[in-house]
Amino acid sequence: MQFKYPELLWGLLLLLIPIIIHLFQLRRFKKTPFTNVKFLKQVVSESRKSSTLKKWLLLFTRMGLLAALVIAFAQPFIANNAALQEKETVFYIDDSFSMNGQIENGNLFKNTIQDFIKYIPNDQRFTLFTNKQVFKDVEVKDIQNELLNLTVAVDQLGINEIILKGNTYFNDNAASQKNLVVISDFQQRMGDLSEVDSTSNINIQYIKPSKVTIKNTSIDSVFIAERTNDNIELVALLSTNANDETIPVSLFNDNKLIAKTAAKFNGSGTAEVRFTINANVIILGKVTITDTGLDYDNQFFFNIDQKSKIKVLAIGSSSANFLSRIYTEDDFDFTASTLERLNYSTIENQDLVLLNEVQKIPSSLVTALKSLSKNGGSFVLIPSVDGDLASYNELASAYFNSKFLSGIPQEIAISEVKIEHPLFTNVFDKKVSHFQFPNVKKYFKINSKAPTALSFQNKEPFLIGNKNGYFFTAAISSDNSNFKNSPLIVPAFYNMGMNSLKLPPLYATIGTDVEIELPTTLQQDDIIKIANETNEFIPQQRVLPKKVQLNFIENPKEAGIYKIMHNEKIIRNISFNNNRKESALTYTPLPENNSNTSLSNFFLESQKNNAINEFWKWFAILALAFVFIETVLQRFLK
């Protein structure tokens, strides 16, 4: 037994007082005349026995009364060592989209919040954080309304990130017991709990609010499969972890239903549906399904606006027929000119300029190309077999410190594709083997810090550059190379053109670095605004002479179709969707030593382990009992 105020036990010395009183009490004897001496002796003997018994009973009663009162004020209790140790508790509640599933008794996330508020002790101080908010050193009554108003979002921390972040909220008291409670559905993408990088002084408890497997169907992506002058074939990809054979899928243009079909899932839980839409109509599209699982992935936004054609100019005497077949009228406005007939004033209006084996680049053209690049345009230099290196280097030196060196008359194959280069991103699904690589008969060595897209067998670069400038190191005319016959030529030149003016995609994903360019001219202090029915924001923007670059890394926060506006005039639309990674409802198992399966069990067990049994009330009752006993002794014992 332990005492809250052990210093009060010195009060037990007060027990000496009744002992002293009872040992040294002086009594007055009253004389009573008796006629019979024998009877007097009998009365004296009986009185002595009765008085002695009463005296000892009163002594013990009063000593018990004082002892009980002293012990009661010292507040005795019994507790284990864990209950006496100072504790710090940090809670993490997962507020990602996967926690927003529907279960039998309601919404998983809302039920988790309500259970937390219901079962946590009202006087317990704690720190709570989610993927986007922090409540530090609070009691539940301080943040109850804020907790009830929490909503789910796309953000999701990994398990090691949760532990590292939670560790920052503990104080520096090494003697305190530190408890981190992680409340989540524990999707596999959070990480393996058995490989958690945890410090030894933190007790980590994992709580999964529900063991029910949520059945969910999601729309994963939308893309254009085929486009003609009249029609567009649109494909939507769906996935499910349920056993539904079919599910209705609807296509809306703005709020108007324009098509409806059914998705039939195969054995792998995937399906695709196709819609045919008018290619000559602006589509503010939305593909929707009805699903009882997660709701954030039941609709998918996209838009098809009137396309802004990318302007491409080819300069040179060599044949540009291969370029005209790549830069078709659907996406590009392609023109070709010889160097002698070139109108220099048209260069500044181009998005991409290709120097197609120009033997010598005039200084005036170099200046025009540098200005184009500075203002957001791009150029490509394809050298001539007998090109003038001095004029090439006048242009190349300003880009990645590039410098053409001597020509190498050696036949060599182009054997390596840098698939991570922007020109070949998403071009290859897997590593290609037994590929028939093209070759060249003569190439130029080049020194450059530019990223390499294609290289020769000897690791020398064949195509380098990025964004505003690209350089080939060999002529690609039929006399010097068969590169024009290679499948690599199409993605290389096509993506050079597409990257020269980054038009809004069919849709973008919230949280990724999305950059687009608008072929519009802004006056001083003009800004571009992005808005829909409920949100409006100003994106990061860079104003160039002939176009505006917009960046969407921070906004928007909500999925939907947004209008790109300038002076209240709609320029075009852009669509955003949440990342579908939360839709894969696969979970990682909890550690075997993790016994708590619910919030109620966790808090009940915590209260049990931290329970302190206090006994001061019993000693106070005992003191009253001694008072009652003394009263009875005084009244009834003669």
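This note goes through a predicted model, point by point, from the whole chain down to single residues.

1. Basis of the values. Because the model is predicted, local features need pLDDT of at least 70 and side-chain atom pairs count only at pLDDT 80 or more, while totals for chains, interfaces and linings use all residues. Residues are numbered from 1 along each chain as its sequence is written, and side-chain values use heavy atoms, with hydrogens and water left out.

2. The chain as a whole. The chain holds 12 helices and 36 strands, where helices (H or I, at least four residues) and strands (E, at least two) are DSSP runs numbered from the N terminus. Of its 638 residues, 46% count as buried; buried means under 20% relative accessible area, exposed over 50%, and partly exposed in between, with a 1.4 Å probe and protein chains only. Among contacts (heavy atoms within 4.5 Å) with a separation of 6 or more, 70% involve residues 24 or more positions apart.

3. In the order 18-17-19-20-27-26-25-22-23, 9 strands form an open sheet with mixed pairing, and two strands are said to pair if DSSP finds at least two bridges between them. Strand 18 (332-337) and strand 23 (439-440) stand at the edges with a single partner strand each, so one side of each has no neighbour in the sheet. Within this sheet, strand 17 and strand 19 are parallel and share 4 bridges, and alanine 314 stands opposite leucine 354 in strand 19.

4. Helix 8 and its two sides. Helix 8 (residues 363-374) has 12 residues and should span 16 Å at 1.5 Å a residue, which agrees with the 16 Å between its end C-alpha atoms; the expected span is 1.5 Å times one less than the number of residues. Its buried residues are Leu365, Val366, Ala368, Leu369, Leu372 and Ser373. Seen down the axis, these buried residues fall within an arc of 165°, so they line one face of helix 8; the arc is that of the directions from the helix axis to the C-beta atoms. On the other side, Thr367 and Lys374 are exposed. The buried residues of helix 8 pack against strand 17 (310-315), strand 19 (352-356), strand 20 (378-382) and helix 9 (389-396). Just after helix 8, glycine 376 takes a positive phi of about 105°.

5. A hairpin. Strand 6 (residues 126-129) and strand 7 (residues 134-138) run antiparallel and are joined by 3 bridges, forming a hairpin with 4 residues between them. Here leucine 128 has phenylalanine 135 of strand 7 as its bridge partner.

6. The nonpolar cores. A nonpolar core is a set of buried Ala, Val, Leu, Ile, Met, Phe, Trp, Tyr and Cys residues joined through side-chain atoms within 4.5 Å. The largest one has 38 residues, and those with the most contacts inside it include Tyr327, Phe462 and Phe483. Helix 10 (residues 489-500) gives the largest share of this core, 4 residues. A second, separate core of 31 residues includes Leu108, Leu147, Val152 and Phe603.

7. A link across the sequence. Phenylalanine 619 lies in helix 12 (residues 616-636). Although phenylalanine 619 and leucine 65 are 554 residues apart in sequence, their C-alpha atoms are 9.3 Å apart in space. Leaving aside residues up to four places away in sequence, phenylalanine 619 touches Ala68, Ile71, Ala72 and Pro76.
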